[in-house]
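Morning. I have one model to go through today, and I will keep to the geometry. Please have the structure open.

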Amino acid sequence: MTVDDLETDPLAPWLREIKDRHDASRHVDGVQCRGSVDLIDEAARLRGVAAVWHGKAISLEREVETRPGRLADGRAVAELEAAQWERLGLAEMPTGHGSVELEVQVGVRGMRSAHGGDVIKYDAHGVHNTHMDGLAHIGAEGSWHGPIPAEASYTDEDTMVAWAQHGIATRAVVLDVAAARGVEWIDAGNPVTDADLDAALAATGVALQPGDALVIYQGRDRYEAAGNIYPSGAAAVARPGIGESGAAWIASKDAGLVLWDFHDARNNPSGSLEVHNLIYAIGLCLVDNCLLGPAVAELTAAGVSTALVVAAPTAIHRSTGVLINPLILY
């Protein structure tokens, strides 16, 4: 199998239809489209604020592991992933997509003082760390969504700056897809469909509005606690996640952003990224690898399905994605 065989096709007919519909309704000549984040307005933020009743906050971030002793535990998985990327001709990828390199420097002057500093280098993407994908992560036809020329990533692409300045805070609607299906977690052979998402939304009793955030729980924490390893983006194999009809459902809801635990199911002949390709088609803001199980359990116990979510990216010019700590407040 060659690299070309594994390349996704972001212009599949169903995706082209979604893209054309978005362009016709949302793009204005001379105005840079910033994708789904543009839908987050004052009304969306006020809906989020109105959902805060208890004054409690929950982090949705998976811990970024940098402790030397703990890193050794995941080395075999990282090496396997690096080998997969090499087979795709991407040998320049870090050791494990999603890797983090932290150099800590500590100065101690007797009993008087101590000073610490560090330099960090990370690959924001992959299936490990919680991160926000920028518009310059998935593209086609020589451009990112917007349209923004792909070459702008070498000079002045500014999605993360624009998104950070816009302010990504809105009402979150929590969809417990695993519960709606009556399973502990979504399995690789049965991707999340539009019917699953309809059922999970119906269970909340909430009417979605443009700019709302979709928080989609699929049971990844339970899946991994049971000893399963979630396949990386380097392996174009079917895996637990959202399929084509689920992706089309997301595109139809005008969400401001999507926060999820499992990614695309890749349950299609070409192994394409059903939901990630919406980054190009509609400028979808995605927050990958969220730790959702504890938050869903707490919200369920409190009897709520909505909250305020704050997902504030670091304003880094030309960044294709950033590590992030999304917060749920309810």
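Which residue in S8 is the bridge partner of Val173? The answer is Leu214. Keep in mind that this is a predicted model.

S8 covers residues 213–217, and strand S7, residues 169–176, runs parallel to S8, joined by five bridges. S8 also pairs with strand S9, residues 257–260, again in the parallel sense, over four bridges. In that pairing, Ala213 has Leu257 as its bridge partner in S9.

How many of the five residues of S8 are buried? Five of the five. Both faces are covered: Ala213, Val215 and Tyr217 are on one side, with Leu214 and Ile216 on the other.

Next, the core. In soluble globular proteins, nonpolar side chains tend to be buried together. Here the largest nonpolar core has 71 residues. The members that touch the most other members are Met132, Leu175, Ile216, Ile250 and Leu278.

Take Ile250 as an example. Leaving out residues up to four places away in sequence, Ile250 touches Leu197, Leu214, Ile216, Ile242, Val258, Val275, Leu278 and Leu284. Leu214, the partner of Val173, is therefore on that list by contact under the 4.5 Å cut-off.

Now the aromatics. The whole structure has three aromatic pairs. One of them is Trp185 with Tyr223: the ring centres are 5.9 Å apart and the planes are at 80°, so the pair is edge-to-face. Trp185 sits in the loop between helix H7 (177–181) and helix H8 (194–204), while Tyr223 is in helix H9 (residues 220–225), so the pair ties together parts 38 residues apart in sequence.

Phe262 lies in the loop between S9 and helix H11 (278–282), and the two residues are 39 apart. Phe262 counts as buried, at 0% relative accessibility. Together with Tyr230, the residues Trp185, Tyr223 and Phe262 form one aromatic cluster.

On to backbone geometry. Most residues other than glycine have a negative phi, and most peptide bonds are trans. There are some departures to look at.

The peptide bond from Gly146 to Pro147 is cis, with omega near -5°. Pro147 is in the loop between strand S5 (143–144) and strand S6 (148–149).

Arg266 is not a glycine, yet has a positive phi of about 55°. Arg266 is in the loop between S9 and H11, and counts as buried because its relative accessibility is 5%.

Asn289 is another non-glycine with a positive phi, about 60°. The loop here runs between strand S10 (286–288) and helix H12 (293–302). Asn289 is buried, at 0% relative accessible area.

How values were computed
Residues numbered from 1 in each chain as written. Predicted model: local features only at pLDDT ≥ 70, side-chain atom pairs only at ≥ 80, totals over all residues. Heavy atoms only, no water. Core = buried A, V, L, I, M, F, W, Y, C linked by side-chain atoms within 4.5 Å. Buried < 20%, exposed > 50% of the residue type's maximum accessible area, 1.4 Å probe, protein only. Pairing = 2+ DSSP bridges. Phe/Tyr/Trp six-rings, centres within 6.5 Å; stacked < 30°, edge-to-face > 60°.
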